[in-house]
Amino acid sequence: QVQLVESGGGLVQAGNSLRLSCAASGRTFSNYAMGWFRQAPGKQREFVAFITWSGVGTFYADSVKGRFTISRDNAKNTVFLEMNSLKPEDTAVYYCAARFDYRGRGIYSSTKDFTTWGQGTQVTVSS
């Protein structure tokens with residue numbers, strides 16, 4: 001399996017932007033579909049964005065559509081989450097997750113669909 005390490009979190013004011021990164025190691029990164037999830041205090045972990053192994057296909061939660069962009073660089077074994085127009089309700093710990101999906105075409109948005117998780121990075125948006 002791959003190992004995942006997130007970075008890029010921090011404290012920002014509402015309306016500003018952040019870019020999260022998730023570095024993968026251990027296996028062939030391009031064999032894995034990737035997702036971003038988040039968990040706010042007292043709430044369940046929720047889906048944010050998904051990208052296929054090739055980077056061609058993406059899918060977003062309605063709450064972030066138009067503000068967040070997921071992308072990947074398979075040569076650098078990294079997936080990104082560009083977050084713009086941040087809102088206080090975006091405050092959460094953000095996790096990247098991987099699912100082995102060699103040449104697959106599925107779209108996955110449940111925590112149960114992913115087998116490997118990073119440790120998370122805190123994003124705090126002040127009003």
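This is a predicted model: local features need pLDDT of at least 70, side-chain atom pairs count only at pLDDT 80 or more; totals for chains, interfaces and linings use all residues.
Me: Which strands form the open sheet, and in what order?
Reply: Four strands make up the open sheet, ordered 1-3-8-7, with antiparallel pairing.

Me: Which strands stand at the edges?
Reply: Strand 1 and strand 7 (68-73) do. Each has a single partner strand, so one side of each has no neighbour in the sheet.

Me: And the twist, what does it average from one strand to the next?
Reply: 15°.

Me: Back to strand 1. How many bridges pair it with strand 3?
Reply: Five, in the antiparallel sense; strand 3 covers residues 18-25. V5 stands opposite A23, and S7 has S21 as its bridge partner.

Me: Which side chains of strand 1 are buried?
Reply: L4 and E6, which point to one face.

Me: Different topic. Which residues touch the most other members of the largest nonpolar core?
Reply: M34, W36, L81, M83 and Y94, out of 37 residues in that core.

Me: Which strands each supply at least two residues of this core?
Reply: Strands 3, 4 (32-39), 5 (46-51), 7, 8 (78-83), 9 (92-100) and 11 (121-126).

Me: What is M83 in contact with, leaving aside neighbours within four places in sequence?
Reply: N16, S17, L18, L20, R67, F68, Y94 and V123. One of these, Y94, is also among the core residues that touch the most other members.

Technical notes. Residues are numbered from 1 along each chain as its sequence is written. Side-chain values use heavy atoms; hydrogens and water are left out. Buried means under 20% relative accessible area, exposed over 50%, partly exposed in between (1.4 Å probe, protein chains only). Two strands pair if DSSP finds at least two bridges between them. Axes are lines fitted to C-alpha atoms, for helices over the stretch in contact, and angles run from 0 to 180 degrees between N-to-C directions. A nonpolar core is a set of buried Ala, Val, Leu, Ile, Met, Phe, Trp, Tyr and Cys residues joined through side-chain atoms within 4.5 Å. Contact means heavy atoms within 4.5 Å.
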